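Work through the exercises below with the model open. Try each task before reading its solution.

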Amino acid sequence: RSTLFPYTTLFRSIIDGSDAAEGGENMLDVILRDERQRRTEELLTLVRALRTGHFRLTSGLHSDRYMQCAALFEHPVASEELCASIADMFRGGRVDVVAGPALGGVILAYEVARSLGVRNIFAERENGKMTFRRGFHVNPGERVLVVEDVVTTGGSVREVIELLRETGAEVAGVGAVVDRSGGSVDFGVLDNRSEERRVGKECRS
């Protein structure tokens, strides 16, 4: 097991507000958050998942950084530790299942679920609509943690949340490796935390 970095997630949301902060962050929380962000960026750079330069994103915007989380999952030790740290942020509450949207959330959901010791599934598109296939299902009342590698607009995560609610499941929270939205994505949650404003400065020129 590598001990180079204490890997951690950069994004977390709590659906039911049970973990909502009271009175704001204290100084220790801020220091720990900043340290986690620094270490995570260091890891992502090490495995070349986070690259610097000048990139034109699929959104049409330009950025001085580019995230390719698939490069992270080439390295099982690194991805195992990062996913375990995402799981750690949700151990205080009940999670029965971890779900992610294909493709970005497939390996992530598996590793987070393995760390939590719960079931893992993923959703994928069929005829343009997100659905569970391959025998995957959730039961009414099960609490499901939704995970994604990179959140930009949050569209895929919202679709998975809607799919889960249609089945009668409860959404326990949302976790991701990187939040590109600067904390602006709204999943309809009471507590929405972003540990990194943006991965890269974006422009339209």
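Predicted model: local features only at pLDDT ≥ 70, side-chain atom pairs only at ≥ 80, totals over all residues.

Residues are numbered from 1 along each chain as its sequence is written, and side-chain values use heavy atoms, without hydrogens and water.

**Exercise 1.** Describe how α3 passes α4.

Solution. Start with the elements: α3 covers residues 76-88 and α4 covers residues 106-116. Helices are DSSP runs of H or I, at least four residues, and strands are runs of E, at least two. Next, the axes come within 8 Å and cross at roughly 65°. Axes are lines fitted to C-alpha atoms over the stretch in contact, with angles from 0 to 180 degrees between N-to-C directions. Now list the contacts (heavy atoms within 4.5 Å). E80, C83, A84, I86 and A87 in α3 meet L108, E111, V112, R114, S115 and L116 in α4.

The crossing itself is right-handed: the near helix is turned clockwise from the far one by less than a right angle.

**Exercise 2.** Find the peptide bond that is cis.

Solution. Check omega: about 5° between A102 and L103. Then place L103: the loop between β4 (97-101) and α4.

**Exercise 3.** Examine phi at R48 and N127.

Solution. R48 has a positive phi of about 60° and is not a glycine. R48 sits in the loop between α1 (27-46) and β2 (50-56). N127 also has a positive phi, about 55°, and is not a glycine. Its loop runs between β5 (119-126) and β6 (129-131). Finally, check exposure (over 50% relative accessible area; buried is under 20%, partly exposed in between; 1.4 Å probe, protein chains only). R48 is exposed at 51%, and N127 is exposed at 81%.
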